[in-house]
Amino acid sequence: MTLKKFIPAIAAAAVALPTVALAQDAPVPGVDASTDSIFIFNTLLFLIGGFLVMWMAAGFSMLEAGLVRQKNVTMQLTKNVALFSLAAIFYYLVGYNLMYPLGNWSIGSDETGGYLGAFGPAVLEAVGITRDAADDYGYASTGSDFFFQLMFCATTASIVSGTLAERIKLWPFLIFTIVLTAFIYPIQASWKWGGGFLDSQYGFLDFAGSTVVHSVGGWAALAGALILGPRIGKYKDGRVHPYPGSNLALATLGTFILWLGWFGFNGASQLAIGTVGDAADVSRIFANTNTAAAGGAIAALIMTQVMYGKVDLTMVLNGALAGLVSITAEPLTPSLGAATLIGAVGGVLIVFTVPLLDKFKIDDVVGAIPVHLVCGIWGTLAVVLTNPDATLGGQLISIVIVGVFVFVVSAVVWYILKMTMGIRVPAEDEITGLDTAELGMEAYPEFAKG
């Protein structure tokens, strides 16, 4: 018997599902059972999107492990595991309620939005929560929202890691990660996603975080790179000396993992999938996210062939990521063609921005500043091309406010760390490699002396 004969029966059963109640959860008078379905589906969207974004931590680890030199691979892997773990703890202790304050704003509270949320740890629903006791019955569970938003916070810290690779000490970097994930990221995110003044006063639109997540990581990385300085020998005798990565296979794997994780990053930022309209919008976001990445990769591939006579794989990989960052601010409203072009512009920007940083002697090991900062700004501005609710002035002033806040505060923190405990390893350790100097182990011990 073919599957087609079962389809009418399956469809009828699916329609009947929202009205079915389990014995331990009998229908409540006056409560529409479909509200349960919306709550469940929205919660599932947050959870599935959250673990997809969590998988991006593996993508950043592999990308960075592939683009640094062999002698620094273990350090990058250690930093990525540690920063994700620290983000999870400190976003719980401080960040979540700074970003989504309980009750009214504690500072700057008025009809136009606030500037700083509440201090205190995140609190989840009780075990076996009921409809009446749920914090937001009809929308989604607090636990799923916390889990999903935490992953964005951790992503911001991952961006900083790659830029400062191969010459920064482990513990100062981890201390900065605590400040970033507990305070810097949540405070500025509350200005938009927490109902703060960027949202209410300027009509700032940033669907999934081209500015709120990606450019924030880029600004923090730029401040660190300027204070830390370039790697030894990178800019010697007036020339740029490239340091090829240790494993382009790992870097490519990392890029595809990030590409996959981005479906959760952008798709779950719809924040709802309990209606036909929301389900269709999530599908549209997936399609636009994918084609923007493709547009960025192809644009970088073509541009490197034209400019250098040969295709540069690292540029193509960063071109795909540039397309993803570019579409993140508005992955819903563009058509497939527009999304492809928005991503392609990101890919072109990468090819020009990477050598531009070298001219200013800003050493970015993995190209995170061009990808996340430059394309984060571009993607935020590109919102006005497809979303009629966006204004160029509102987008610009919000980019500037977030950028100034994050860059200045990050620079102050980096400078304090430099003056107190030092942020750069000794020259001898940098030449030897951070794996043995800082950690006492190597990623590829069989080949280290080969």
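Q: How much space lies in the second largest cavity?
A: Rolling a probe the size of a water molecule over the atoms shows where empty space is left. Here, the second largest cavity holds about 40 Å³ of space. A cavity is a set of points on a 1 Å grid over the protein atoms alone where a 1.4 Å probe fits but cannot get out; points join across faces, edges and corners, and the volume is the space filled by probe spheres set on them. This is a predicted model, where local features need pLDDT of at least 70 and side-chain atom pairs 80 or more, while totals for chains, interfaces and linings use all residues. Residues are numbered from 1 along each chain as its sequence is written, and side-chain values use heavy atoms, without hydrogens and water.

Q: Which residues line the second largest cavity?
A: Lining residues have an atom within 4 Å of a point. In this case they are Val53, Met54, Met56, Ala57, Phe60, Phe84, Met151, Ala154, Thr155 and Ser158. H2 and H4 each give two or more of them, and H2 gives the most, with 5 residues. Helices are DSSP runs (H or I, at least four residues), numbered from the N terminus.

Q: How do the residues of that lining divide by class?
A: There are 8 nonpolar, 2 polar and no charged residues. Ala, Val, Leu, Ile, Met, Phe, Trp, Tyr, Cys and Pro count as nonpolar, Asp, Glu, Lys and Arg as charged, and the others, including Gly, as polar.

Note on methods. On a 1 Å grid over the protein atoms alone, a cavity is a set of points where a 1.4 Å probe fits but cannot get out, and a pocket is an open set with protein on both sides within 12 Å along at least five of seven lines; lining residues have an atom within 4 Å of a point.
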